[in-house]
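Okay, everyone, have a look at the structure on the screen. I'll talk through its pocket and cavity, and then some rings.

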Amino acid sequence: MTRSEYQRLVDLWRAIGNAGGVDAYVRGQLRERGFVLERKDTAQMSKAQLAAYKKSLKEEAAERRRLKKEAWVAYRATHLVHLGEGIHWSDEADVDRFDHPRAEERAAENELPPFDKPEQLAEALGLSIPELRWLAFHRDAAEKIHYRRFTIPKRDGSERAIWAPLPKLKAAQRWILRNVLEPIPIHGASHGFVPNRSILSNASRHTGAKLVVKIDLKDFFPTISFRRVKGVFRQAGYRDRIATLLALLCTEAPREIVQDGDKELFVALGPRCLPQGAPTSPAITNIVCFRLDRRLTGLAKKLGWRYTRYADDLTFSLPAEHVGAPKLGLLLGSVGRVVADEGFRVHPRKTRVARSGGRQAVTGLVVNGAASPRVPREIRREIRAVLHNLKHGKPLRDGENLHRIAGYVAYVHMTNPELGKSLRKQLEALDAV
């Protein structure tokens, strides 16, 4: 649908509203166009009169059907109507019992855009209502979806599936991230995908520790379902309809690609959840985890430990100056109960305890001793070796490239700017040759 055609339908629906509804609009148009006939007794009509009268009635009925069909097209262009299997939707605004009791006040406190109607959200996203419906619509089996799938290797050798949104949806998600999600408060213990925080700020909290405990949450993104995401937007201050749309735009069902004859189908394997690859997903996890972070911070403080979270990685550390028993068993047991109570699961094979006598690493950075977090020695040695070999005309190893080396140099620069500058100069000198 072109923009001009969409605007024509918007104007038509506005005219229907001004007329007092579809029936009133249709009656008015019929009168205006001369299709309304005075009903007459046909008993006294001649055959010719009766035939002409019937023809006029048919023409009136046909025009009535055409006008009603056009009104329905205008309605669909300006209303969402239906958003797919299992999604409750009503185009009529209504107060839902699960809405925040002070929704508008809460949205203002969070400095969120004041959306009451779907068309306001669509306009902010630069979309028409049909485009908004197209991006938000859910199908259990779809021939096309708004994501492309690829995999990246995990440390254990398995593959992690990434579902990256296509440009139209990605643009909408980025707008939601900047204007809706980033203003919502998160807990100070959260360091992943937060402005002015990083793996360095996360690791810095755990230097000089007797013990470092790392705990992973299992199936972190899939655990955060459509209903939980909708709850985030409701608690932020949006009512049911806007919260539903925002949650649909930020979630997708995990899918399997199957062949149905000559057609490829994307079949939902479960309910919609946060896709790993959408720009909105990390920010939503931080908001969802606010109470988890608050409870674990309180628990850690009570037992004399420190706590931070980077995405699905929970880190606890016992300061070197701590006096008394570490209460490690109590900590681990209590963490498991809090995590389960908040709707998550601890990965049973990914809990690690590191003592001060061995390497203690947090989000990839070494935190042993009182010194600031640093890149592991073997990575620094590898970078130096590669730069040395390149300087002396030796080729890069298979799978190695200058972009990857530049990334490692930036990684070092983050924790050790002096060394990072030196390595960067060496790399730039090689680039200039």
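Strand 3 (159-165) gives the largest share of the lining of the largest pocket, four residues. Strands here are DSSP runs of E with at least two residues, helices are runs of H or I with at least four, and both are numbered from the N terminus. Before I go on: this is a predicted model, so to speak of local features we need pLDDT of at least 70, side-chain atom pairs count only at pLDDT 80 or more, and totals for chains, interfaces and linings use all residues. Numbering runs from 1 along each chain as its sequence is written, and side-chain values use heavy atoms, with hydrogens and water left out.

Back to that pocket. On a 1 Å grid over the protein atoms alone, a pocket is an open set of points with protein on both sides within 12 Å along at least five of seven lines, a cavity is a set where a 1.4 Å probe fits but cannot get out, and lining residues have an atom within 4 Å of a point. The largest pocket holds about 1700 Å³ of space, a volume being the space filled by probe spheres set on points joined across faces, edges and corners. It has 48 lining residues, and Lys 154, Arg 160, Gln 276, Asp 312 and Lys 350 are the closest to its centre. By class, that lining has 24 nonpolar, six polar and 18 charged residues. Nonpolar is Ala, Val, Leu, Ile, Met, Phe, Trp, Tyr, Cys and Pro, charged is Asp, Glu, Lys and Arg, and the others, Gly among them, are polar.

And the cavities? Searching the whole structure turns up one of 30 Å³ or more. The largest cavity has a volume of about 40 Å³, and its lining includes Phe 137, His 146 and Arg 272.

Now the rings. Phe, Tyr and Trp rings (for Trp, the six-membered one) pair if their centres lie within 6.5 Å; planes under 30 degrees apart are stacked, over 60 edge-to-face, the rest tilted. That rule gives eight aromatic pairs. Why is the pair Trp 72 and Tyr 75 stacked? Because the ring centres are 5.6 Å apart and the planes at 10 degrees. Both residues sit in helix 3 (residues 47-78), three residues apart, about one turn of the helix. Ring pairs also bring in Trp 13, making a cluster with Trp 72 and Tyr 75.

Finally, Arg 228 lies over the face of Phe 344, 4.6 Å from the ring centre; the test is NZ of Lys or CZ of Arg within 6 Å of that centre and within 35 degrees of the ring normal.
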